[in-house]
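Here's a quick walk through a few spots in this structure.

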Amino acid sequence: MDFNTFADKAFKISKEKGFDEAEIYYSKGGEFQLSSLNGEIDSYTDASSIEVYFRGLKNGKIGTAFSEILSEEAATLLVEEAFENCSIASGEDVYIFHDGTGEYRDFEGYSGAFQKKTVKEKIDTVVSLEKLALEYDKRIVMVPTCRTADTWSEVTIINTLGLNRRYKSDGGFAVVVSLAGDEKSKKTGFSFSLVRTPEELDVKGVAEEASKRAIDQLGARNVKSGKYRVVFRNDVFGQLFGTFTSMYSADNVQRGLSVLKGKMGTVIGSSKLTVYDDPFLSESPYSKPFDDEGVPTRKKALVEKGELKTFLYDLRTAAKDGTKSTGNSVRGTYRSKPSIAPVNTVVRSGDLSFDALLESMGEGILVTDLTGLHSGTNQVSGEFSLGASGFFVKDGKISNPIEQFTISSNILKVYSGILEVGSDSVSSIYRVSSPSVLIDEIDVASE
């Protein structure tokens, strides 16, 4: 059964059942993933999926149901299950659907370039990644993680209010973890690259970056406990920032689960800090023209020169605050409850090169790795205490690698302590594009 016939059937049944309005979120896509170990393919995934998420409204209450099949029977079962869920729904929240109005920008998120690559070409890429990482230095003893993947998806949202929108997107990534060893220790190095097309993937650069980072950490020493100026490398600051993006969710703010509650329009950071949510970021495969409720997306400043400019809303939370959705309803999987999140977080770059940031710091610590990003952070208070490694910097130059220390602070204190922002933006695994940043002071405890 084709999707349009399925939707017509489901909407007809929903009206007969007694729903006021009905909506279907339909997604289909595929994933191709390869992993290499010792020059051989270690794992291989070639999967496709269909996800159907039905929502029905009755007197402001919502009922939901899920399916992986497009058939007349599935349409009937979906509506019946959703109606049962709606009848037992509790809580004071009032749900609404989007009627399809608003400005929808043209969107070209799909190239098909990954899907045109042969399996052999993809295998050659991941094997080359591992080979190049191993060959970087004789002290690289193995590459425990070497993975490439590409995905595509097509999303359609249609409802009885007139919404009917569709977009298609694709992209890929590569991950390499290299293990370096000498007579005293073993260290790992990590690199990650997120790309829109295969041609954008710098195979040699990704492979060698992981191995270089592992080699550079050999011979790491401890550092004295104290308060230090700190430079967070671009990808690491992206990870730290990304860990706390849930505090911008209006849902968390309304429930008192965000450190930003009550701070709208106030200064929460340094004038050097400007952060956007950019759903049309050209280099990101996560970009989209509308969110998972069908609301048009738009670029917006979360923080501008240190001032908190907006929270992120879906339709339900926007209705609570008497405002409009910002187009930030995000669905992880079709069985997960929708949440609120940025599409692409962008920390605006500055003018200083990475070396100039170190020179500006003078003496301090360059942080190149963080651990415990989930267990060591508190979204409500903004406090964090994280394991870290990196380098001691003296006279504006990297002096020696350091390890086994803990950094502790509050994310708003970090915001306020930003002295300089680099020009070396890179995308992290947390969907954050960030440059390196210099922070005036952070507590460091050594083991």
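This is a predicted model: local features need pLDDT of at least 70, side-chain atom pairs count only at pLDDT 80 or more; totals for chains, interfaces and linings use all residues.

Residues are numbered from 1 along each chain as its sequence is written, and side-chain values use heavy atoms, with hydrogens and water left out.

Back to the helices, which are DSSP runs of H or I with at least four residues, while strands are E runs of at least two, both numbered from the N terminus. Helix α4 covers residues 119–135, and its axis sits 8 Å from that of α5 at an angle of about 40°. Axes here are lines fitted to C-alpha atoms over the stretch in contact, with angles from 0 to 180 degrees between N-to-C directions. That angle makes α4 oblique to α5 (under 35 degrees is roughly parallel, over 145 roughly antiparallel, 65 to 115 roughly perpendicular, the rest oblique).

Who touches whom? On the α4 side, Thr125, Ser128, Leu129, Leu132 and Ala133 make the contact, and on the α5 side Val203, Lys204, Val206, Ala207 and Ser211 do; contact means heavy atoms within 4.5 Å. Sorted by type, that's six nonpolar, three polar and one charged (Ala, Val, Leu, Ile, Met, Phe, Trp, Tyr, Cys and Pro are nonpolar, Asp, Glu, Lys and Arg charged, the others, Gly among them, polar).

Now the rings. The whole structure has 16 aromatic pairs, meaning Phe, Tyr or Trp rings (six-membered ring for Trp) with centres within 6.5 Å; planes under 30 degrees apart are stacked, over 60 edge-to-face, the rest tilted. Two of them:

| Pair | Centre to centre | Plane angle |
|---|---|---|
| Phe107 and Phe280 | 6.3 Å | 70° |
| Tyr167 and Phe290 | 5.1 Å | 80° |

Phe107 is in the loop between α2 and α3 and Phe280 in the loop between β8 and β9, so this pair ties together parts 173 residues apart in sequence. Tyr167 in strand β5 and Phe290 in the loop between β8 and β9 are 123 residues apart. Phe107 and Phe280 are buried, and so are Tyr167 and Phe290 (buried is under 20% relative accessible area, exposed over 50%, partly exposed in between, using a 1.4 Å probe and protein chains only). Ring pairs join Tyr104, Phe107, Tyr167, Phe280 and Phe290 into a cluster.

Last stop: Thr197, in the loop between β6 and α5. Thr197 is buried, at 16% relative accessible area. Beyond its neighbours within four places in sequence, Thr197 contacts Ser111, Ala113 and Phe114.
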